[in-house]
Amino acid sequence: MKSINSPFRYAGGKFYARKLILEHIINHNYYIEPFCGGASIFFAKDKVTDNWLNDVDDELINTLIVIRDHPNELISLLKRRNCEISRIPTELVQNVEIGEVMPALKELHTFFKNEYMPQNDLERALKWYYLNRTSYSGIMNRQNMYWGYGDKYSMQPKNWGANILRTSEKLQDVRLTSLDFEEVIDQAPDGAFLFIDPPYFNADQDKFYQHFFSRNDHYRLLKCLKNNKSRLNIFITYDNVEEVRDLYSWAKEMYDKEWNYCIQRTDDQKEKTDKKGKRYKGKELFILNYLS
Ligand SMILES: C[S@@+](CC[C@H](N)C(=O)[O-])C[C@H]1O[C@@H](n2cnc3c(N)ncnc32)[C@H](O)[C@@H]1O
């Protein structure tokens with residue numbers, strides 16, 4: 001099945017590194033991401049027979065489940081006509097035609113972030129999807145979530161419906177769970193291919209996600225991967241620091257990789273940048289327990 005972009009903006013997402021990563025993925029029939037986030041690699045690669053996406057963040061997984069199983073209901077809820085049903089104040093959408101998707105507005109972002117109380121899984125997905133598409137860099141940790149939408153650089157609401165539908169198609173028959181990574185890795189069937197993209201080793205980066213990933217969790221991951229290394233094909237991407245190199249010295253291949261990415265002006269809260277956006281370099285280690 002064809003390559004598409006992740007439906008979400010996601011902090012630490014691997015969209016800009018996807019070509020470099022795909023080069024090292026070997027043939028497999030069972031594909032698993034225990035730390036899926038926006039799952040940019042799953043969406044970029046060919047879909048195989050069995051697929052399992054997992055993330056401890058159950059709001060993210062609920063949104064993926066709703067997109068997989070009820071895409072049209074979610075699209076319908078995003079429309080002006082249904083604002084009364086989902087209890088969105090009509091004054092926030094008064095300039096929108098009946099039947100059009102609600103606009104990307106700072107006031108609506110604030111409302112969803114601070115006031116909206118979802119009453120079912122569909123409404124939880126509505127809230128998460130709206131905030132994800134309109135927050136700075138897709139940072140979904142409430143303390144660090146800010147308005148960050150720009151018409152020129154972000155996906156416009158009129159395209160959200162198509163985004164949800166193509167995502168739903170690719171997610172059909174995909175197993176979606178919200179478990180701790182250890183359960184997933186231990187349960188992975190022999191011969192499965194695992195793409196492992198944990199939160200960064202550098203603790204600063206932890207502000208991005210809903211669940212804190214401690215130093216102890218990094219060591220727990222190491223132990224779990226070592227226990228399973230002879231029966232699974234494992235690709236890990238981690239920040240490029242000496243301690244990680246030492247911890248994973250048992251791997252069969254290790255590469256220093258760099259790629260360019262940019263954060264667009266409207267996505268950037270502090271810095272003024274030129275039209276092309278501010279440029280950054282991603283620098284990570286690719287760690288493989290197989291020969292690619
Ligand atoms: C670097 S992000 C993954 C990004 C993803 N590869 C992408 O392309 O968007 C790491 C993810 O690990 C998740 N996570 C944190 N602690 C976890 C745990 N104990 N078990 C499973 N997932 C966890 C976070 O919620 C976050 O979505």
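This is a predicted model: local features need pLDDT of at least 70, side-chain atom pairs count only at pLDDT 80 or more; totals for chains, interfaces and linings use all residues.
Residues are numbered from 1 along each chain as its sequence is written.

I begin with the domains. The assignment, which comes from an automatic or database source, gives domain 1 as 1-57 + 178-292 and domain 2 as 59-172. Their centres, taken over C-alpha atoms, are 26 Å apart. Domain 1 contributes 22 residues to the contact and domain 2 contributes 26 residues, where contact requires C-beta atoms, placed from the backbone, within 7 Å.

I turn now to two helices, α3 (residues 58-69) and α6 (residues 121-134), which pack at about 110° with axes 9 Å apart. Helices here are DSSP runs (H or I, at least four residues), numbered from the N terminus. The axes are lines fitted to C-alpha atoms over the stretch in contact, with angles from 0 to 180 degrees between N-to-C directions. Helix α3 is therefore roughly perpendicular to α6, a term covering 65 to 115 degrees. On the α3 side, the contact is made by Glu59, Leu60, Asn62, Thr63 and Val66. On the α6 side, the residues include Arg124, Trp128 and Tyr129.

Finally, the ligand. How many residues surround the ligand? There are 23, and the closest are Gly12, Gly13, Phe35, Gly37 and Gly38; a residue is near if its C-beta atom, placed from the backbone, lies within 6 Å.

Methods:
Angles under 35 degrees count as roughly parallel, over 145 as roughly antiparallel, 65 to 115 as roughly perpendicular and the rest as oblique. Two residues are in contact if their C-beta atoms, placed from the backbone, lie within 7 Å.
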